[in-house]
Amino acid sequence: MSRRVLRHTARGVRELVGRSPIAARCRARLASAGREDGSAIVEFIVVGVALILPVFYLVVTLARLQAGTYAVAAAARESSRMFVTASNDSTATARSQAAARMAFADQGFEGAGTVQVLCSKSPCLTPDGVIDTVADLDVELPLIPSFLQGAVPSVVHLHSRHAEVVDRYRAR
């Protein structure tokens, strides 16, 4: 076959197919598909924001709770250690409170949290006495508006306890 015959045949097939109802429906669909140009970007942004925002909030909230956990554990431990290494009971309480304040401040909870020291013997620094320190901290969850704070739990209470024994052979 020559090229001329092939071109003529191809043109005839195109004209035949172009007049069929199936071809008309295909052209209509292709024309309507053109109306969705750019909607994929909008859908991606909307779905992306809808998925990323909760993940972002979860990460921020867990980081804040983890910092609170570190703060309350360190406050109880260091407060107890500072208490048992003090030379007398009056300085022991001040050292204990200072250590707790530093532990809370290190994790961004300045002015928050409480520490309570309990002694098994009197006076507290009696050799082989047990110093029991209890630290408490309320961590507010981030990004909760004030009008929702009564409706949803917005504070997580953290608690830590540490016991330290007064050295039997400590210097007096």
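A disulfide is a pair of cysteine sulfur atoms within 2.5 Å. This predicted model holds 1 disulfide and 4 salt bridges. A nonpolar surface patch of about 540 Å² is also present.

**Disulfide**
- Cysteine 119 and cysteine 124 are joined with an S to S distance of 1.9 Å.
- The link of cysteine 119 and cysteine 124 is right-handed, with 95 degrees about the S-S bond.
- Cysteine 119 is partly exposed at 29% relative accessibility, whereas cysteine 124 is buried at 18%.

**Salt bridges between separate parts of the chain**
- Arginine 168 and aspartate 128 form a salt bridge through their side chains, 2.9 Å from N to O.
- That pair links distant parts of the chain, 40 residues apart: arginine 168 is in the segment after strand E3 (155-165), and aspartate 128 is in the loop between strand E1 (114-119) and strand E2 (130-140).
- Arginine 168 is partly exposed at 48% relative accessible area, and aspartate 128 is partly exposed at 32%.
- Arginine 161 meets aspartate 132 in a salt bridge, also described by an N to O distance of 2.9 Å.
- Because arginine 161 lies in strand E3 and aspartate 132 in strand E2, this pair ties together parts 29 residues apart in sequence.
- Arginine 161 is exposed at 53%, but aspartate 132 is buried at 17%.

**Salt-bridge network**
- Within helix H3, arginine 81 and glutamate 78 are 3 residues apart, about one turn of the helix, and their side chains meet at 3.5 Å, N to O.

**Nonpolar patch**
- Ile41, Phe44, Ile45, Val49 and Leu53 make up the patch.
- Isoleucine 41 lies in helix H3 (residues 39-84) and is exposed at 57% relative accessible area.

Methods: Residues numbered from 1 in each chain as written. Predicted model: local features only at pLDDT ≥ 70, side-chain atom pairs only at ≥ 80, totals over all residues. Heavy atoms only, no water. Buried < 20%, exposed > 50% of the residue type's maximum accessible area, 1.4 Å probe, protein only. Patch = residues over 30% accessible without salt bridge, like charges linked within 9 Å, V, L, I, M, F, W, Y side chains within 5 Å. Areas by Shrake-Rupley, 256 points an atom, 1.4 Å probe, with all protein chains shown as cover. Helix = DSSP H or I, 4+ residues; strand = E, 2+ residues; numbered from the N terminus.
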